[in-house]
Amino acid sequence: MRRTKKPRREDLGLTRAEFAVLRRLDGPAKIQKFLFGLKQNFELHGDTCRPVREVLRLRRAHCIEGAMLAACALWIHGEPPLLLDMRAERDFDHVVALFRRHGRWGALSKTNGPTLRSRDPVYRTLRELAISYFHEYYNKLHHKTLREYSRPYDLRRADPAVWVSGKKNAWAIPEALDELRHYRLAERRHLKLVTRLDPFERKVGGLLQYRRPRRKK
């Protein structure tokens, strides 16, 4: 594991209490447990990309929001804050935070279902890691939709005042991910052979950790 320069609390613009929460998350297992404990952000009032401070305040997140928090915690403990973007066809993208152990890649993930969750650090390449999500990455019509993965995005390229301590949506981060080079996971001739989920897989895939709240009448 390559060490990197740790940011000071003042560099991130966090309060002592906010910084202390992230300091306690001193490893991928603790970070992932914290992400699982965050309630799901269902974006009931419109699309969001909340910075780390807002996620800590509200204790809710969706995938990119959780990935940024995870990356920030890794950075505080001397690891590079890297994101990986996975593009889907007729479906939503998924973003995870990356980490390495003994030359192998792993991923930290915030998701509300049982499938697109974290990955242990056993993958030799980012393609191996990304394709581990292929079978379980599907849309409401049960089509497998994952198509591409990106180069890693180092959040040190972005201003912490935007994605860590900001009070507004950090839209600059998903925009930067969109601009990254992406790589195809499979050729068209291979994708023609991909099947839809079977009924049992659909049943299991329908499980949710947090139930979507009902709209008030």
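The dialogue below takes up these features in turn.

Analyst: Please keep in mind throughout that this is a predicted model.

User: How is the packing of two helices described, and at what angle do the axes of α3 and α5 cross?

Analyst: Two packed helices are described by the angle between their axes and by the distance between those axes. Here, the axes of helix α3 (residues 28–37) and helix α5 (residues 63–76) cross at roughly 150° and come within 10 Å. Because angles over 145 degrees count as roughly antiparallel, α3 is roughly antiparallel to α5. The crossing of α3 and α5 is right-handed.

User: Which residues make the contact between α3 and α5?

Analyst: From α3, Ile31, Phe34 and Leu35 take part, and from α5, Gly66, Leu69, Ala70, Ala73 and Leu74. Sorted by class, this contact of α3 with α5 has 7 nonpolar residues, 1 polar residue and no charged residues.

User: How are α2 and α5 oriented to each other?

Analyst: The axes of helix α2 (residues 16–24) and α5 come within 8 Å and cross at roughly 80°. The two helices are therefore roughly perpendicular to each other. In this contact, Phe19, Leu22 and Arg23 of α2 meet Leu69, Cys72, Ala73 and Ile76 of α5. By class, the contact of α2 with α5 has 6 nonpolar residues, no polar residues and 1 charged residue.

User: Which residues of α2 are buried, and how should I read their placement around the axis?

Analyst: An α-helix has 3.6 residues a turn, so residues three or four places apart point the same way. In α2, the buried residues are Glu18, Phe19, Val21 and Leu22. Because they cover an arc of only 155° around the axis, they are on the same side of α2. The face turned away from the buried side of α2 carries the exposed residues Arg16, Ala17, Arg23 and Arg24. The cover over the buried residues of α2 includes α1 (9–12), α3, α4 and α5.

User: Which residues are buried in helix α8?

Analyst: In α8 (residues 172–179), Ile173, Ala176 and Leu177 are buried. Their arc around the axis is only 100°, which puts them on the same side of α8. Among the elements that cover the buried residues of α8 are α5, β3 (82–88), β4 (94–101), β8 (153–154), α7 (160–163) and β9 (182–184).

User: Let us turn to single residues. Is Leu129 buried or exposed, and which residues does Leu129 touch?

Analyst: Burial is read from relative accessible area, with values under 20% counted as buried. Leu129 is found in helix α6 and, at 0% relative accessibility, counts as buried. Leaving out residues up to four places away in sequence, Leu129 touches Leu84, Leu98, Trp105, Gly106, Ala107 and Tyr123.

User: Where is Gln40 found, and what is Gln40 in contact with?

Analyst: Gln40 is found in strand β1 (residues 39–40). Its relative accessible area of 11% makes Gln40 buried. Apart from neighbours within four places in sequence, Gln40 is in contact with Arg60, Ala61, His62, Lys110, Thr111, Asn112 and Tyr210.

User: What is the value of phi at Glu43 and at His142?

Analyst: Most residues other than glycine have a negative phi. Phi of Glu43 is near 50°, a positive value in a residue other than glycine. Glu43 has its place in the loop between β1 and α4 (52–58) and is partly exposed, with a relative accessible area of 27%. His142 has a positive phi of about 70° although it is not a glycine, and His142 lies in the loop between α6 and β7.

Key:
Residues are numbered from 1 along each chain as its sequence is written. This is a predicted model: local features need pLDDT of at least 70, side-chain atom pairs count only at pLDDT 80 or more; totals for chains, interfaces and linings use all residues. Side-chain values use heavy atoms; hydrogens and water are left out. Axes are lines fitted to C-alpha atoms, for helices over the stretch in contact, and angles run from 0 to 180 degrees between N-to-C directions. Helices (H or I, at least four residues) and strands (E, at least two) are DSSP runs, numbered from the N terminus. Angles under 35 degrees count as roughly parallel, over 145 as roughly antiparallel, 65 to 115 as roughly perpendicular and the rest as oblique. A crossing is left-handed if the near helix is turned anticlockwise from the far one by less than a right angle, and right-handed if clockwise. Contact means heavy atoms within 4.5 Å. Ala, Val, Leu, Ile, Met, Phe, Trp, Tyr, Cys and Pro count as nonpolar, Asp, Glu, Lys and Arg as charged, and the others, Gly among them, as polar. Buried means under 20% relative accessible area, exposed over 50%, partly exposed in between (1.4 Å probe, protein chains only). The arc is that of the directions from the helix axis to the C-beta atoms.
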